[in-house]
Amino acid sequence: MMPPEMNAAEPPPYPAFSLTWLSEREWLKSLGRRNQQAAHVIVADIAGLHVSEALMALMDSEERERAAGFRFESDRKRFVIAHALLRATAGCAMDARPEALVFATSPRWNNPPRIAASVEPVPNVSLSRRGNFVAVALAARQPVGIDVEHDRPLDDLEELVRASLTAEEAARVSGVAECRRRREFLRCWTAKEAALKAHGLGLEIPPRNAAIRFGRDDRPVAVDIVDASATARYRAMVLDPFGPSDAIVAVAGNGFSELRLALVGADARIFMME
């Protein structure tokens, strides 16, 4: 079943998330407070980082096996740092050792990760990696999803638009200057994928079954998802945290109203990871 097309003239169904930028140190302090009104997001530029024994030690046997299976070192590096960052973030929030965390659903596949723990509260987490960027989102007892994309050539842009966007979304992409179409598409795509992760099924649901609602600034503010059992709506925010020529990050979820965001550059420490 396809979602109905959204009327661009409708007012935003939700107010925008409030956004708080924090230093890494302040972000870590905030993370430990477990505020249910806030979701925590960290985005890292990993270009200057490397895979170390300390990083590998944070992962479980399945994750290490998957890391060893990558053909290209760049893919292995991105995988290891992303999963170590996910564990470090969740461990800090739960006051637990990162290497001791057990995932009920493995974050190594496309399904969103879920932490298995007998002690409450167990946060919901989301993970994304692309190019030189990795991103992790965490929310206390609330659904959350994150997606990061780096701006790159898309030779099959028209095919991607047809396969993944609704008619209204496709019209928006085609309606901007040609030099901006790729980035406009990536804004739509990240919003959809973040919402699908928050929904809990990821790309098991076709992207065209996720319809974006746009705000007055023409940026996504919410995503309606239709699956076999129900229709759900998730608030969304799309960001260009490193500037207009680098990563595009989208966060989606329900039950929180604030995003607390930290950026980590390639020359900075990420927890105990370097």
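Reply: β2 gives the most, with three residues in the lining of the largest cavity. Strands (E, at least two residues) and helices (H or I, at least four) are DSSP runs numbered from the N terminus. The model is predicted, so local features need pLDDT of at least 70 and side-chain atom pairs pLDDT 80 or more, while totals for chains, interfaces and linings use all residues. Residues are numbered from 1 along each chain as its sequence is written, and side-chain values use heavy atoms, without hydrogens and water.

A cavity is a set of points on a 1 Å grid over the protein atoms alone where a 1.4 Å probe fits but cannot get out, and lining residues have an atom within 4 Å of a point. Of the 13 residues lining the largest cavity, R34, A93, P123, L138 and A140 are the closest to its centre. β2 (38-45), α4 and β6 (133-139) each supply at least two residues of this lining. By class, the lining of the largest cavity has ten nonpolar residues, two polar and one charged; Ala, Val, Leu, Ile, Met, Phe, Trp, Tyr, Cys and Pro count as nonpolar, Asp, Glu, Lys and Arg as charged, and the others, Gly among them, as polar.

A93 also takes part in a helix contact: W27, L28 and L31 in α1 meet T89, C92 and A93 in α4 (heavy atoms within 4.5 Å). By class, this contact of α1 with α4 has five nonpolar residues, one polar and no charged ones. Helix α1 covers residues 24-31 and helix α4 residues 73-94, and their axes lie 8 Å apart at an angle of about 50 degrees. These axes are lines fitted to C-alpha atoms over the stretch in contact, with angles from 0 to 180 degrees between N-to-C directions. The two helices are therefore oblique to each other; under 35 degrees would count as roughly parallel, over 145 as roughly antiparallel and 65 to 115 as roughly perpendicular, with the rest oblique.

Elsewhere, α7 lies across β7, β8, β9 (220-226), β10 and β11, and runs at about 150 degrees to β7. In an open sheet of five strands, the order is β7-β11-β10-β9-β8 with antiparallel pairing (at least two DSSP bridges between two strands). β7 (144-150) and β8 (210-214) stand at the edges with a single partner strand each, so one side of each is left without a neighbour in the sheet.

Technical notes
On a 1 Å grid over the protein atoms alone, a cavity is a set of points where a 1.4 Å probe fits but cannot get out, and a pocket is an open set with protein on both sides within 12 Å along at least five of seven lines; lining residues have an atom within 4 Å of a point.
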